[in-house]
Amino acid sequence: METLTQGSIKLIYNNQGANVPHTLQIVNIKSVQGSQQNSAAGERFRLILSDGVNYQQAMLATQLNHMVKSDSVKTYCVINLTEHLCNLVNSRRIIIVLGLEVMSQHLGMLGNPMDIEKFMQNQTLLPVAPFHSVQQPPQQQQQQQH
């Protein structure tokens, strides 16, 4: 059984680790229609990718649609993400899957991942230690007044 590459989703979210293979699990696949402006795009597949710690929304490149339609890529399969981009779409970071290899199939979700968007918001909202001003000793205060 393959081990997921924990921390990969955070790296991808931060636009790092582009040349490193990432072993991830597809925890959801949903067919979505292309926008009305781009009706030529046709059917697209939205994926939710997990590294066991975090998950992030992704879009499968249309040239890989056949992998979903042939059932070689399905929910809970473990993949090696070989090529990707991370784009900002409607103020959310979305992984664009350009290349992948199916490693194995599983019956359920591995780990207990949380949404990377919420995780990163919590990281920036961590409490900061209160600022304490340092009082000068009385002797120094008197010298400064002269």
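## Strand β5 and S104

S104 belongs to strand β5, which covers residues 92–104; strands here are DSSP runs (E, at least two residues), numbered from the N terminus. The model is predicted, so local features need pLDDT of at least 70 and side-chain atom pairs count only at pLDDT 80 or more, while totals for chains, interfaces and linings use all residues. Residues are numbered from 1 along each chain as its sequence is written, and side-chain values use heavy atoms, with hydrogens and water left out.

With a relative accessible area of 18%, S104 is buried, a term that means under 20% relative accessible area (1.4 Å probe, protein chains only). The side chain of S104 also makes a polar contact with the side chain of H106 at 3.3 Å, where a polar contact is a pair of N or O atoms within 3.5 Å, one able to donate a hydrogen and the other to accept it.

## Strand β3 and its partners

Strand β3 spans residues 54–60, and five of its seven residues are buried, so β3 is largely enclosed by the rest of the structure. Strands count as paired if DSSP finds at least two bridges between them. Strand β2 (residues 43–50) runs antiparallel to β3 and is joined to it by six bridges, with L49 standing opposite Q56. The hairpin of β2 and β3 has three residues between the strands, and in this hairpin G52 takes a positive phi near 90 degrees.

Two bridges join β3 in parallel to strand β6 (residues 114–115), where D115 stands opposite Y55. Strand β5 likewise pairs with β3 in the parallel sense, over three bridges, and I95 of β5 stands opposite A58.

## The largest pocket

The largest pocket holds about 180 Å³ of space, a volume being the space filled by probe spheres set on the grid points. A pocket is an open set of points on a 1 Å grid where a 1.4 Å probe fits, with protein on both sides within 12 Å along at least five of seven lines, and its lining residues have an atom within 4 Å of a point.

By type, the lining divides into four nonpolar, two polar and one charged residue.

## Cysteines

The structure holds zero disulfides, a disulfide being a pair of cysteine sulfur atoms within 2.5 Å. C77 is buried at 0% relative accessible area, and C86 also counts as buried, at 13%.

Notes. Helices (H or I, at least four residues) and strands (E, at least two) are DSSP runs, numbered from the N terminus. Buried means under 20% relative accessible area, exposed over 50%, partly exposed in between (1.4 Å probe, protein chains only). Ala, Val, Leu, Ile, Met, Phe, Trp, Tyr, Cys and Pro count as nonpolar, Asp, Glu, Lys and Arg as charged, and the others, Gly among them, as polar.
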